[in-house]
Structures are given as structure tokens and as C-alpha cells.
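Have the structure open beside you and try each task before reading its solution.

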Amino acid sequence: MRYSTITIFATIAAACGVPAHLVEKDIPSKTAITNVHVWNGAGFSAPSTVVIIDSIITNANTADAETTVDGRGGYLMPGYIDSHCHVTSCSYLTAMRANGITTALDMGTFPVSAVTACRAEGVTDIYGTGAAGTVNGTAISKIPGFPQDSFLASPEAARTFVANRIQEGASWIKVFLDPLGPDEETLSTVVAAAHAAGIKVVTHATSYADYSEAQTAGADIPCHVPLDKPLDAASIQNLTSAHRHVVPTLIMMQSIVNNTRTPYIAYTAAAEGSVTAMNAAGVSIAVGTDANTSPYVPANPPFGTSFHAELALLVAAGLTPTQALQGATSVAAHAFGLYDRGSISPGLRADLVLLSADPTVNIANSKSIEYVWLAGVQFTPGAYLEVLLCFNRKPVRLYGENGW
């Protein structure tokens, strides 16, 4: 049997009179989640049951389940995936977990080992690109300690950059597009080298020209949307014909406009307008926030809560709540090749979120989180365990939505 990270405190909690429902229990090998409407990729089922064995969703029956969770008619979603964030501290994962985010895709924290070091049982799973490729003089190139092998001054430098990121363990290759560069030949070399190694290329693209360069080079996943002018029919046709996915990060684009006092039409016409047009054309849109705490960027969407703001902005831009939820789950998993998650199906990782209200009726209900499971480990957002240590009765917060 596997054990939760705070099993050690259960005896202390019981001795001090802490209510049993606030104490994280041993993680059972078989859990039955009953009386829930189960997400099927396009909506919710009639009340049903989902069974987890260890860390995997199964089609087993409920017999001999060590734990049964009554969903009370709630709505069971796959765990949310934030497809664009910058996790420079493992502590940020606790805020993400409390908001139902079971997978975080870091798009630039370096080295990659700083990201993978955050992996732990019962914590939001995380993958990363390592340092993005760029050229000298861009905003990210001025970050202290920025690795020199990420400067893409030539095609040869591009090949070295890709090889080094792969050797470090990067899950994808990230390139920061900017008026300063890299040029199209160098970017095309990055894409060719990455694809030869079976790795996708993600691009930072915040202008129409950035999108054009990314599409010409064959990059796989543009992140952000233009703030200068909306994508036109030709650009969107390129996205659909190549079956590319896009991560718009509308919350970041809106925050940049607000913080820089740019006329708001830059958001409504260019950023939001591009998402409206892409969605109407059938472009696959994944949910990402660009959550970060960096002093080197113009906006810092908060970890966790900004994810639900992003869902709302996508719906305001024309996605249905169902499409937004797909972008937060199955679309994101498919875009980044995470085929062990994103759906509620036997054999997949048991990353789940139980909601008390239907998010397809109102996308704000994405926040009505009752429980979260991360590879079968159950977490209750908002349930703090305060153990009164018997020697002085001083409250000590051990576990809750803000972590330890």
C-alpha cells in the first residue's frame, strides 16, 4: 500500500481531537468514486461510478474498495492541464493543485532539472522545456544566469541548442520570437533538429510577424496571440491545414494591455479577435495562463486562479464552455503528446477533479472543486489541518491549499 505524505501526522491529529475528515488518510489501492456525472469528452454522463486502482483509472467493479467517495451528484472532470506557465518555485504547484490543475507545462524555467525536482507524489505533475532559444538583447536574454547556449545566432548554434536541451531532459523545445531574431533560417534549423529527434517546438509569438515566422518554419505550437493585429484568413488557414494547436494565454495578453496602458482595442480586436477567428475555423485551442512571478515580464498572472480566468476569457472570445474544458484537458494532452491523461478512461492516469456544479452550464463552475486526485492521491482544497500540539496547544498548519 502507498501512503500519503502526512500519514505520519494522523496519530497526532487524532490524539489532539482533529476531525477525521480533515486528516489525509493512507492512500488505498482501490478507490470508488460513486454517484458522479462523468466527463466523456463532450459532456457528462448520467450518475455513475469511477474506480481507481493505485494510480490508474480502471473498469473494475466496486467490490473490496478500500475507500468509497460519494460524489453526491457532482461532476467528475479529468485533471486540468495548464499548457503554459513558469514554475520557478515548487511551492507554486500547491496553488495549482488547489485549483484542479494536475499537470503543469513549464515553458522556460532553466535548467530542466529545477522543474523535474518538483515532482512528488500528490503534487501537480510538471514537464518543462528548459531555457528558451533566443538572441542577445531580448528581454529574456537579460535574465541573470541565462545560458549562453540558448543564443541562436546561427543555424549551427540552433543545432547545438536543440541537442543540449534534449540532453538535459526537456520535453519540448521553446523558442522566443522577437523582432531581434532569430531569423527564419535559424528557426527552421531548430524545428528540423527537434523534429529529427521526435520533439515538438513551441514558440513565443505575440505579433502577427511572429506567427508568420513560426508557421513558415513549421513550428508546432504557437503560444500567445498577436497584440498588433489579428490573424487573417491566410494565417489561420495555415494553422488548420497543418493541424497545429495554439495556446493563446488570453489572461496574459489582457494583463499586458492593462499594465502597459496600451489601448484596450489591442486586446479586443487583435488578441481576442484572433481567438474568435481561430475557433470559428476549427483551430485546436489549449488552455494556458503564462502564470509567473518574473520581474522581467510586463505581467504576472497568478498560479492556479488565473487558469479559471483564462477559461472565462476563452468563452468570452467565442468558445463554448465544452470547448474550453476540452482545451483544459484532452486537447492539451493531445497537443503535447501526454497520452496517459486528459480523459477519464480505463488505463489512464487517475488525475481527476470533482466539481459540485456543471461547468458546461456556466464556465465559472470550473472553480467549484470538491476533491482533486493526482495519480490516485486525493486532495481536498480548502481543508486545512490544524493540529493543536498537546505540549503548548499552539495551532500549527500542516497541510492545505497553500501547501506546507
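A residue is called buried when its relative accessible area is under 20%, exposed when it is over 50%, and partly exposed in between. Keep in mind that this is a predicted model.

**Exercise 1.** Find what share of the protein's residues counts as buried.

*Solution.* Apply the cut-off to the 404 residues of the protein: 55% count as buried. For the setting, the secondary structure comes to 12 helices and 17 strands.

**Exercise 2.** Work out where in the chain the partners of the Asp-125 and Arg-349 salt bridge lie.

*Solution.* Start with the pair itself: the closest N and O atoms of Asp-125 and Arg-349 are 4.0 Å apart. Next, place each partner: Asp-125 sits in strand β7, while Arg-349 belongs to the loop between α12 and β13, 224 residues apart. Finally, check burial: Asp-125 has a relative accessible area of 10%, so this residue is buried, and Arg-349, at 18%, is buried too.

**Exercise 3.** Determine which residues pair with Arg-165 in salt bridges, and classify the burial of Arg-165.

*Solution.* One partner is Asp-149, with N and O atoms 3.1 Å apart. Asp-149 lies in the loop between β7 and α4 and Arg-165 in helix α4, so this pair ties together parts 16 residues apart in sequence. Another partner is Glu-168, at 2.9 Å from N to O; Arg-165 and Glu-168 both lie in helix α4, about one turn apart. With a relative accessible area of 1%, Arg-165 is buried, whereas Asp-149 at 25% and Glu-168 at 37% count as partly exposed.

Methods: Residues numbered from 1 in each chain as written. Predicted model: local features only at pLDDT ≥ 70, side-chain atom pairs only at ≥ 80, totals over all residues. Heavy atoms only, no water. Helix = DSSP H or I, 4+ residues; strand = E, 2+ residues; numbered from the N terminus. Buried < 20%, exposed > 50% of the residue type's maximum accessible area, 1.4 Å probe, protein only. Salt bridge = Lys/Arg side-chain N within 4 Å of Asp/Glu carboxyl O.
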